[in-house]
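Before reading the report, please take a moment to look over the sequence and the 3D structure. The sections below go from the whole chain to single residues.

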Amino acid sequence: MGGGPRGLSILERICGIPQISWESLSIHLIDPNQPGSGTHYPSQANHLLMNTVAGQVTVFRTGDSNASGQPASGPSLAEWAGVPGNTYLPRSVLGRYLAHCYRLLRRQAPDTIRVHEHRATAHTLRALRDRSWVLNLSDGAIVAADFVFLTTGHGTNHPTTDDQAIQQFVADHRRANPRLRYVRNCYPLQKLDAIEPGARVAVRGMGLSAIDAVASLTVGRGGRFVTGADGEPVYRPSGDEPRIHVYSRSGRVFSPRAVNQKTPADTHRPSVLTQEELVRLRLTHGQLDFESQVLPLLRAELRTAAQAAGGAAGGAADLPDVESLLRRPAPGPLRTLDEHQAELVDFLATDERRAAEGNLGNPVKAAADALRDLRDGLRLAVEHRGLTPASHQQFCQVYAPMLNAVAAGPPASRSREWRALFAAGTLHLGAGPGATARPDPDGAGFVLDGARQSSPPTRFDVLVGASIDPFLPEHDASPLTRSLLSAGHARPFANGWFQPGGFDVDAAGRLIDADGSVVPNLCALGHLTEGAHYFTNMLPAPGIDSRITADAAAAVQAMVDHLRAPQRSPQQA
């Protein structure tokens, strides 16, 4: 279930595994959207960009050691789109590419494999006595299956108690302030269309989702960027924009990715944060403490990457900045909001200059790019209860967001655009670090203040959450998730007392049921397993090993083992 990139990875592995010659296999692909695209809708606006260059994305597995057999052949995203490898394409183009890859995979599939498309969602999953499944779909169809793969991707959580209180506040005060709104989650971005021009909007977050929200409220409203006399972008508003304020509790803003000077094969090869060392640590200590046992190794790797990029002198000069990449910001002195905003704009300008020097030429950006490669190693330390519960909680709340901000930034063009928006007075910093937003009944609006801010609080009409919901099974709004939990076929992942989210799964992705037993014919992949796993949101790059391929290969092998078991006849998956 789910026809996005994870679903494609399963289809590719089923068609490519060498040890099986299917006499007859029916694959039922269940997704309400166009197969292949997932949430990368081909119809979305072109101002919504990927944060990975086109040359580092492919669906095809040639050169991936996890892709045994005969991987299907096809182009990378850059080859298919006919663009240079370092191009940042609109996400709509990625959606069209993924849909093309789905059609190509179907054409290359063996004749004995039949794919049936269902433009629907699965509402319930019921086990029969022979341990096969029956799925009830949203369009009334019923599908029988011997094996089920859950690749449904991002979901939506039910509103929390705090969300409900804010929604009630909005309902109670809308008459006094017709512009008053609460948008708990900015996706789908069409929800932002209801925000009136001129309304005062606070966007909670300053990462990738905030970039989408700001773009939708500016360029998406008819504004445009032009080149000024100094070569810098200048924003020309349309007049339909709201007055946008951005903020985050950490005070950190996104960090743009450097100009890519590497091929997909030019990955950072660790010298201290090695697989062997992490395995040794886990065997010796059991559960680890990330901050004391893993973070020092990670920092050492970043220093190595920085010194290799900058040479002895340049690397040494930039080492304090490299060290700051993974350091929790210390509380600063009280400042005015204008001073906080000037500091943020200065950071964007400085980081753009670093980005322009490239991921091999600038020590700080070389370290940030190495971090992208080192996440595979970090999985060995984090996944399947590798950290103590307290350390796992700290990792999820502090370090994982920090790692994402450093390693998964947007193209530098976004930084230039934000500086232009600040200069135009369309975008503002809403509050300094430690910011919190609260309803203001007397003003029929919201108030935003920062902990280290001497200026008066910012008042606004609309609060927008710029983030993607984590998958929390017990709070997920999907009927399918409720069905799995209520029937005991799945349980939330827990590391002792800490529940980070996601389903509990074994190493092959098979779900663990309420009694703690492995469900042999039910696998989950991707975002649904974020908790037991770490950083599941990625696409394969051409010619190198990919975690997405490894996950798919393990899950498909679990299917093969199940269907080969006595009294099983491979019919449907």
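Predicted model: local features only at pLDDT ≥ 70, side-chain atom pairs only at ≥ 80, totals over all residues.

## A term to begin with

A residue is called buried when its relative accessible area is under 20%, exposed when that area is over 50%, and partly exposed in between.

## The chain as a whole

The chain has 13 helices and 18 strands, and its C-alpha atoms fill a box of roughly 75 × 65 × 50 Å along the principal axes. For 573 residues, a compact globule would have a radius of gyration near 25 Å, and the 24 Å of the chain agrees with this.

Buried residues make up 53% of the chain. Among the contacts with a separation of 6 or more, 73% are between residues 24 or more positions apart. The chain exposes about 24100 Å², of which carbon and sulfur atoms supply 51%, while the mean positions of its 56 positive and 56 negative charges are 2 Å apart.

## Around the loop between β7 and β8

Asn-185 is placed in the loop between β7 (181-183) and β8 (200-204), and it counts as buried because its relative accessibility is 8%. Its side chain reaches the backbone oxygen of Ser-467 at 3.2 Å. Leaving aside residues up to four places away in sequence, Asn-185 touches Lys-191, Gly-465, Ser-467, Ile-468 and Asp-469.

Val-464, which belongs to strand β16 (residues 462-465), is buried, with a relative accessible area of 0%. Although Val-464 and Cys-186 are 278 residues apart along the chain, their C-alpha atoms are separated by 6.3 Å. Beyond residues up to four places away in sequence, Val-464 touches several others, including Val-183, Cys-186, Leu-192 and Val-203.

## Backbone details

Most residues other than glycine have a negative phi, and most peptide bonds are trans.

Two residues can be named for a positive phi. Arg-131, in the loop between β3 (122-127) and β4 (133-137), has a phi near 75°, although it is a residue other than glycine. His-384, in the loop between α9 (363-382) and α10 (389-407), has a positive phi of about 50° and is not a glycine either.

How values were computed
Residues numbered from 1 in each chain as written. Heavy atoms only, no water. Helix = DSSP H or I, 4+ residues; strand = E, 2+ residues; numbered from the N terminus. Rg over C-alpha atoms; globule rule 2.2 N^0.38 Å. Buried < 20%, exposed > 50% of the residue type's maximum accessible area, 1.4 Å probe, protein only. Contact = heavy atoms within 4.5 Å. Areas by Shrake-Rupley, 256 points an atom, 1.4 Å probe, with all protein chains shown as cover. Lys, Arg positive; Asp, Glu negative; His and termini not counted. Charge placed at Lys NZ, Arg CZ, Asp CG, Glu CD. Polar contact = N/O pair within 3.5 Å; in protein donor to acceptor, adjacent residues only side chain to side chain.
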